[in-house]
Every structure is written in C-alpha cells, then in structure tokens.
Amino acid sequence: MSIKNLTEEELEKRFHDRIEKGEIIEPKDWMPERYRKQLIRMMSQHAHSEVVGMLPEGNWITRAPSLRRKAVLLAKVQDEGGHGLYIYCGTETLGISREEMLDGFLTGKAKYSSIFNYPTLNWADMGAIGWLVDGAAIVNQTVLAKCSYGPYSRAMVRICKEENFHHKQGYEILATMMKGTDAQKQMAQDAINRFWWPSLMMFGPSDKDSPNSGDLLKWKVKLFSNDELRQRFIDRTVPQAENIGIKLPDPLLKWNEAKGHYDHGDINWEEFYNVINGRGPCNKQRMKQRRDAHINGEWVRDAVVAHEEKKKSEKVAA
Amino acid sequence: MTTDTQWPLWEVFTQKKQGAPHEHAGSVHAVDKEMALQNARDVYSRRNEAISLWVVPTEAITASTPEDMGSFFDPANDKAYRHPNFFKTPGAKF
C-alpha cells in the first residue's frame with residue numbers, strides 16, 4: 001500500500017492505528033505536526049535538563065571527600081553531559097537543528113527540569129541528588145524507554161543503564177553518612193529534608209492540571225500519568241529510606257493497605273510554578289553559568305572551524 | 001544569540017564484541033572525521049560498549065523511505081521458496 005495518495009485525515013487515522021498496535025514511529029514516518037512539536041518540546045527540555053544537571057553536582061567535584069568519591073562524581077557528571085547529547089541527537093531527527101535548540105535554551109525560551117534550580121549546599125546533597133533526583137528520573141525514563149518514538153526510546157534505554165549507577169552511588173553516600181557521627185547524620189537528614197519535595201515535583205503537575213498529558217498519553221509518548229509515576233517513586237523510595245534510618249519529611253506519609261500504596265501529603269504547587277517560571281533559588285545563576293560556558297567556549301569552536309578551513313584550502317591548493 | 005554553528009552531523013556505529021556486526025548507536029557533531037571518532041568514543045563508549053567504531057557523515061547515507069516501503073520490498077513477498085521450511089522432506093532429519 002502506498003501512502004502517497006492518502007489525505008491528511010487518512011494519514012492521521014493510519015498513524016493512530018499504528019500507535020494503538022504498539023508500533024514504533026521512526027523519523028521518516030508520517031506523523032501529525034502536533035506529535036512532532038510536542039516531542040521536540042519534551043525531548044529538548046529533557047536534553048537541557050541533563051546539561052543543566054551538570055551544574056549542581058559539578059559544584060562539588062573539587063570538594064569531594066575522597067579520591068574515590070571524586071572520580072565517581074566526575075564520571076557521573078560526564079554521563080549527564082552524554083545523556084544530553086543522546087537526547088539532542090534524538091531530537092534532531094525530528095527536523096530541529098542543534099543550533100535552534102541551544103538558542104531556545106540559552107535565551108530562556110525553552111525550559112528545563114525545576115529540580116536543578118535548587119542549590120547544593122553540602123556534600124550530603126550529592127547523595128540526595130543521586131538517590132532521589134536520579135531515582136525519580138529512572139522511574140520516568142524507564143517508562144519513556146517504551147515510548148512510541150524510536151530515537152527517544154533508544155536514547156532512554158541507554159540512559160537507564162547508566163542512571164542505575166547514579167542512583168546507587170547517591171544511596172551509598174547517604175548510607176555511609178547515616179553510619180557516621182551525629183553531625184554527619186544530621187547533614188544527610190538535612191539534605192533529604194530539602195530535596196524530598198522538589199524531587200516529587202519532578203514528575204510534573206498533578207494530573208488534573210497537566211495540560212499536555214492528554215495528547216502525550218494518547219500518542220503513547222507517555223504511558224502513565226504524572227501522579228501514577230510519582231506514586232511509583234514514593235512506593236519504591238520509602239523502604240529504602242527506612243533501611244538507612246533516614247526520615248522523609250512528610251508527616252502524612254503512611255502505608256495504605258487497602259490501596260497497596262503509600263499515602264502522602266499535599267505538594268506545594270505554588271513553589272513548583274514559581275521555580276518553573278524563573279523564581280526558584282538558583283534559576284538566574286544556572287542560566288548565567290550556562291551562557292558563560294557557551295560564550296567562553298566560543299574561541300575554541302572558532303579555532304576548530306578555522307583549522308578545518310585551513311586544511312581544506314591546503315587540499316585544494318595541492 | 002548562538003550564531004556559531006554546531007558543525008556537521010555524523011552517524012555513529014559501534015561493534016560490541018569481536019565478530020558482532022556494527023550497529024547504529026546515535027550521532028555526534030564534529031568538524032572532521034578524527035573529531036567525530038573521538039566524540040563518538042566519549043559519547044557512545046564510556047563503559048567499553050564498543051571495541052570498534054565507525055563514523056559516517058549523515059549526508060552520505062542514502063535510506064529507503066517509508067513511502068516506498070510496500071513497492072520497494074514487495075518483490076520478496078511471493079517467494080516463500082527462498083525459505084527452507086517451504087520444502088517437504090518426509091521423514092528425513094536435517
């Protein structure tokens with residue numbers, strides 16, 4: 001069957017049938033413009049988040065407490081950069097250039113995950129980020145690995161393998177501190193007190209307030225709602241917290257036998273919207289660091305291009 | 001703000017172990033082939049995922065299109081006799 005003679009409506013119906021059957025959409029396949037646009041928005045934000053995610057942890061590389069921890073943190077931050085690159089290259093298959101995406105990022109038009117606008121105040125925060133932030137990311141990304149767009153799904157498979165190291169190294173930091181002095185235990189607890197709620201916010205607005213969820217679920221870009229994934233993360237994390245004697249700062253957190261899930265307290269959505277809309281503790285600093293890095297790297301990019309042009313002209317002359 | 005280019009795109013193929021085929025892993029941006037190889041190593045083989053890498057300029061790849069998926073591949077559709085289970089071999093073990 002040739003699809004060349006089909007009308008827009010027929011094409012869209014065929015697309016939805018394919019999605020229903022669980023088929024994977026590849027870059028050259030016909031797709032509705034809205035599918036393409038939503039994927040570009042979601043994937044580029046995801047890539048930007050990986051890149052910004054290097055900043056809060058990069059902040060502690062020079063102050064890691066041992067050579068082992070330093071080597072690990074360095075590898076983790078390098079992975080985050082790599083994850084950004086996997087997803088950028090996946091997004092480019094949708095017909096947007098790397099330049100356009102970077103431009104959206106550096107001008108502040110495109111968003112990134114709200115979690116990276118929180119400061120990392122002490123070493124225990126490296127534990128909290130690995131355990132909670134990467135833990136939440138794994139829950140999200142494991143599901144995205146089964147999404148309907150091939151290049152996104154393949155990038156997620158690769159990322160999930162690497163995130164497990166991030167997750168466990170964070171937990172190990174906290175487990176070690178929880179066996180330490182009172183001051184160390186307190187430091188670990190303080191980090192969790194600050195990062196628990198923002199980590200829950202990483203799953204996005206509650207289902208009733210999530211404007212993009214409907215289409216994304218219909219297209220199988222998302223397979224579960226924000227609240228379902230949040231619940232999955234909570235259910236998984238509470239026993240891990242109990243295991244090392246750290247308290248999650250929610251007095252309403254309680255196992256609900258009937259539901260088979262943990263009940264939890266209300267999320268402060270006002271804080272969430274403030275942070276996404278640029279009024280979080282570190283938004284300005286993160287954007288400035290990103291822009292400075294781009295500007296400071298310009299001479300390197302220029303030199304590389306100049307070198308390449310010189311090589312080309314030498315070839316022509318010869 | 002970003003007027004500078006991010007350089008040409010290269011497709012990366014990785015071979016996981018000896019004897020295995022090279023498989024598409026993703027892509028990188030690089031100004032020349034040496035840089036493309038180095039970037040491919042840093043992006044797609046930080047954990048020994050590859051023992052060999054190919055990088056190919058994306059624009060050098062010609063691919064079939066989904067539109068001609070049917071007519072392009074259908075010459076193979078009616079030739080079941082190209083498969084061994086097409087043949088009746090009563091009683092014999094192979």
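This is a short tour of a predicted model, stop by stop.

Before you click anything, note that residues are numbered from 1 along each chain as its sequence is written, while chains are lettered from A and ligands numbered from 1 in the order in which they are written. In this predicted model, local features need pLDDT of at least 70, side-chain atom pairs count only at pLDDT 80 or more, and totals for chains, interfaces and linings use all residues.

**Stop 1: the two domains of chain A**

Colour residues 8–280 of chain A as domain 1 and 282–318 as domain 2 (the bounds come from an automatic or database domain assignment). Their C-alpha centres lie 30 Å apart. Where they touch, domain 1 of chain A gives 11 residues and domain 2 of chain A gives eight (two residues are in contact if their C-beta atoms, placed from the backbone, lie within 7 Å). On the domain 1 side, you'll find six nonpolar, four polar and one charged residue. Here Ala, Val, Leu, Ile, Met, Phe, Trp, Tyr, Cys and Pro count as nonpolar, Asp, Glu, Lys and Arg as charged, and the others, Gly among them, as polar.

**Stop 2: helix H6 and its neighbours**

Stay in chain A and select helix H6 (124–144) and helix H8 (182–201). Helices (H or I, at least four residues) and strands (E, at least two) are DSSP runs, numbered from the N terminus. H6(A) and H8(A) pack at an angle of about 30°, with their axes 9 Å apart (axes are lines fitted to C-alpha atoms, for helices over the stretch in contact, and angles run from 0 to 180 degrees between N-to-C directions). So H6(A) and H8(A) are roughly parallel to each other; angles under 35 degrees count as roughly parallel, over 145 as roughly antiparallel, 65 to 115 as roughly perpendicular and the rest as oblique.

Show some side chains: the contact includes Leu132(A) and Val133(A) of H6(A), and Phe195(A) and Trp196(A) of H8(A). By class, this contact has 12 nonpolar, two polar and two charged residues.

The contact of H6(A) with H7(A) has 16 nonpolar, nine polar and two charged residues.

**Stop 3: where the chains meet**

Bring chain B into view: 24 residues of chain A are in contact with 17 residues of chain B. On the chain A side, select helices H4 (67–92), H5 (98–106) and H13 (298–317), the elements that give two or more residues. The chain A side divides into 10 nonpolar, four polar and 10 charged residues.

**Stop 4: the sheet of chain B**

Select S1 (9–15) of chain B, which pairs with S2(B) over seven bridges. Along S2(B), Gln15(B) stands opposite His22(B), Thr14(B) has Glu23(B) as its bridge partner, and Phe13(B) faces His24(B). The hairpin of S1(B) and S2(B) has six residues between the strands, and Gly19(B) takes a positive phi near 90° there.

Then look towards S3(B), joined to S1(B) by six bridges. In S3(B), Leu53(B) stands opposite Thr14(B).

Technical notes. Pairing = 2+ DSSP bridges.
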